[in-house]
Amino acid sequence: MAKNLWSDAHAASLQDDLDLLVYRSNLLGEDRSVCNWKGGNTSTKVRWPLHTGQEVEVMWIKGSGSDLKTIQRDGFTGLRLEEVLALFQRDEMSDEEMVDYLVRSMLHPSMPRPSIETLMHAFIPFPHVDHTHPDAVVTLCNLAEGKEIVRQIFGDSVYWVDYVRPGFSLAKQVGRAVRENPNLRGVFLGNHGLVTWGNTHKESYENTLALINEAQAYIDQAVAKKPVLGGPRYRALPDEQAEAILAEVLPKLRGAVSQYQRAILHVDRSQPILELVNSHAGKEMALRGSACPDHLVHTKHYPLWIDFDPDKDDARRLAQLLLEGVERYEKEYKEYVAECSRPGDPTLDPFPRVILIPGIGMVSTGKDKAAAEASAGLYHRAAAVIRGAYALGTYSTLSRQDAYDVEYWPLELYKLTLAPPEKELSRRVAFITGAASGIGKATALRLAKEGAHVVIADINVEGARAVAEEINRTYGAGRALAVDVDVTDEAAVVRAFQRTVLEYGGIDILVSNAGLAAASPFEETSLDDWNLIHDVLVKGYFLVAREGYKQMKAQGIGGSIVMVTSKNSLVASKGAVAYNSAKAAELHMARSLAEEAGPHGIRVNCVAPDAVLEGSGIWNSRWREERAKAYGIAPEQLEEYYRSRTTLRVNVYPDDVAEAILFFASDRSGKTTGCTLTVDGGVPAAYTR
C-alpha cells in the first residue's frame, strides 16, 4: 500500500505554489510503485507575475525527462494558461503543431520542454493535477476485464479511457470527461495509468493515494486466493552458484548485445524477479509484451526469455542459450520494426534491454550502469503488474503497433537528442590495479572523466574505496567499484575480475599499474627482495593481464591493455637489478601478449614513466632513500635531480602519465599495439630504438 507522507508543517513552511508542487512531486516520486523513474507528471495552476510585473494565470508543469523523486523548481516549465486553454476548442492537432504551440506559450525559452501531457493537465478544470503510472492501476488497465473491474471497485467515481497514445486527442477526451462528470475522482487510462486532481496540493496527493490503495486492496485479495503466477516451476540457485555461472557467461552476453554499441550489464536476483522467472506462468505472461508506455521506452516491448533449466543445465549451456537468444531477439526485433514502421523511420539498437533466466534472475542492459539499473527498476514495475494481472483475469498489454508507435514516436526520439553527447570512453569498463594512489588514482579519475566505469583495484582497500567514492560523487552512482586485490594471489585476482563481471558485465580497458620498488647493489640484493619485486611486478602483471585478456577475448569486441612499466624497462639504473629486470620483463610480456591478442582486436601497449614522485606510495617508502643514496644526494633533492637530468627540464606527475594511458585506452590509438610511450621528460638513454 502507498503510504501518506504529507506533512502539514513542512507544507506550511514553503514559500509559494511552485515549492508546494515540488514537494508534492517529490512525495509521489518517492514510491516507485506509485511513480516510475522519470515517469508521470504533475502541475499546478496559479496566478504568477510576468517579467512585465503583470499577473496572469500560469500553469507550472513538469519538464520532459525529469524525475518526480528529485525534481526541483528549475525542472518545471511555466506556460501562459489562457493561451493553452484556447486549444480546447480545437478538434484536432498534430504532435508537431502542439509542441510548437506550447513552446511559444512558455514564460521563458530557457525553461525545459513541457511534458507531452501538458494539454491534459490544462484541460482538467482543477488547480492541481497528478498523472502517474502506479502498479495497481496499471494492472487493472491491462486486463481484458479491466473496465468492468474498475466499475466494480469505483462505480461512477472513475472514468475509463481506452488506450490512446498521449497527445491532443487523449487530452481532449480526459478534459471533456472531467468537465462533464463533476463527481469524478480520477481517470483510468487503458494500458497506461492514472490521472487525478484536487483543489489543493494535499487534496490532489491524497486523492492519488486513495485510488491507488483501493485498487491495490482489490488486487491483494485476488492474489491471496491462488498460487502466485501458477506457483514455482524452477528453484532459485544459491547465490554462490548463480554468481559463478554469471561470472562465466556475462562477458559472452555483453559481447553479444554490444555488436552495435557497447552495453553495461546489471544483475538483479531480488525476490520479485526470482518469483517471476521461476514460476509456471512467468514466461507466457512476460512475453505478452509491455503494460505501459513508460515501461517500454526503457525495457522495450518484450524481454528476452532464456529457457534455462537450473537443475539440468550448466554455464556452458546457458552461454549457448544466451548467444542463440540474442541472435533470435535481434532478428525478431527487426521483423517487428519492418512490420510496424513507416518510411523514413530509423532502426534503434535491436538488442534486449531485459533478459530473464530461470534460477538465475534478470540481466538488464544500458548505455551505463544507471541506465541498466533503470531498465531493471522499470521491469520490477512490470513484474508487479504481471503478478496482479495473473490473479485477476486476462492480461492484455499494448499491441505491437501501439508499442512501436511509442518506442519510435518522434517526440520520444527527440528526447534522445537532448541527452549530452557521449564521452570518449562512455560504455566502457576500465580495471586499474594500484589505483588507490599515485598514477593509478590519477588514471582512474582521468578515465572516469572521459565516461568510463572504473574498477579501483588495490591491496589498500580503504584507499580504493575513497577513490571510488570520489568518482561516484562526481560522475554518478555506480560509475566506480572498489575491489580488494593482492595481485600476487591468483585466487584474489580471479575474484576481483569476477566481481567486475558481476557489476558491469566485463571489461574493455585494463591498466596494470600495481607496483613497489627496492634498490641495492647487485651483490647485496637479497633473494627475498628479488622474489618480492618479481612477484608483484612480473607475476602480478601476468595474472592480471591473463584474467583481463580472458574476459576481453570472451566478449569478442576488442579491448585495450596498458602496462605501466618504467624508464627502467628500457635502460637500467645502477643499484636496482631486481626492479630493472622486473620492468624489462613487463615490457616483453606486453609485446608477447600483443602478438596473441591482436587477432582478437585486443591491443597491448606500455607507458614508461620516470621518477613520478607526487602522490606515490613507492616514493614515500625506503625507495626514495635508496635512490638518493645511489645518486649521492639527499632525499629532498630528488625532485630537482630528476628534473635537471631531463631534456625538457621538467618533473613528471601522475596526471601526465594518466594522459598517456588515456591515449592507449581510447580509440585514438586504435591501430597501435606492442608500443611503448615514454613519459619521462626526455631521458636520452631511454629513447626507444
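The model is a predicted one, in which local features need pLDDT of at least 70 and side-chain atom pairs count only at pLDDT 80 or more, while totals for chains, interfaces and linings use all residues. Residues are numbered from 1 along each chain as its sequence is written, and side-chain values use heavy atoms, with hydrogens and water left out.

I then took the geometry of this pair: α10 (residues 239-257) and α14 (residues 315-340) pack at an angle of about 20°, and their axes are 9 Å apart. That makes α10 roughly parallel to α14, the label given to angles under 35 degrees. Axes here are lines fitted to C-alpha atoms, for helices over the stretch in contact, and angles run from 0 to 180 degrees between N-to-C directions. Helices are DSSP runs of H or I with at least four residues, and strands are runs of E with at least two, numbered from the N terminus.

For the contact itself (heavy atoms within 4.5 Å), I listed I245, E248, V249, K252, L253, A256 and V257 in α10, which meet A315, R316, L318, A319, L322, L323 and V326 in α14. Sorted by class, this contact has 11 nonpolar, no polar and 3 charged residues.

Next I turned to the helix pair α20 (residues 490-504) and α21 (residues 527-555), which pack at an angle of about 35° with axes 10 Å apart, again in a right-handed crossing. The residues of α20 in this contact include F497 and Q498, and those of α21 include R546 and E547. The contact divides into 6 nonpolar, 3 polar and 3 charged residues.

I also traced an open sheet of 4 strands, which has mixed pairing and the order β8-β11-β10-β9; two strands pair if DSSP finds at least two bridges between them. β8 (264-268) and β9 (304-305) stand at the edges with a single partner strand each, so one side of each is left without a neighbour in the sheet. β9 runs parallel to β10 (residues 354-357) and is joined to it by 2 bridges, and W305 stands opposite L356 in β10.

Last, I searched the whole structure for salt bridges (a side-chain nitrogen of Lys or Arg within 4 Å of a carboxyl oxygen of Asp or Glu) and found 39. One of them joins R47 and E57, whose closest N and O atoms are 3.6 Å apart. R47 lies in strand β1 (residues 41-49) and E57 in strand β2 (residues 55-62), so the pair ties together parts that are 10 residues apart in sequence.

Terms used. Angles under 35 degrees count as roughly parallel, over 145 as roughly antiparallel, 65 to 115 as roughly perpendicular and the rest as oblique. Ala, Val, Leu, Ile, Met, Phe, Trp, Tyr, Cys and Pro count as nonpolar, Asp, Glu, Lys and Arg as charged, and the others, Gly among them, as polar. A crossing is left-handed if the near helix is turned anticlockwise from the far one by less than a right angle, and right-handed if clockwise.
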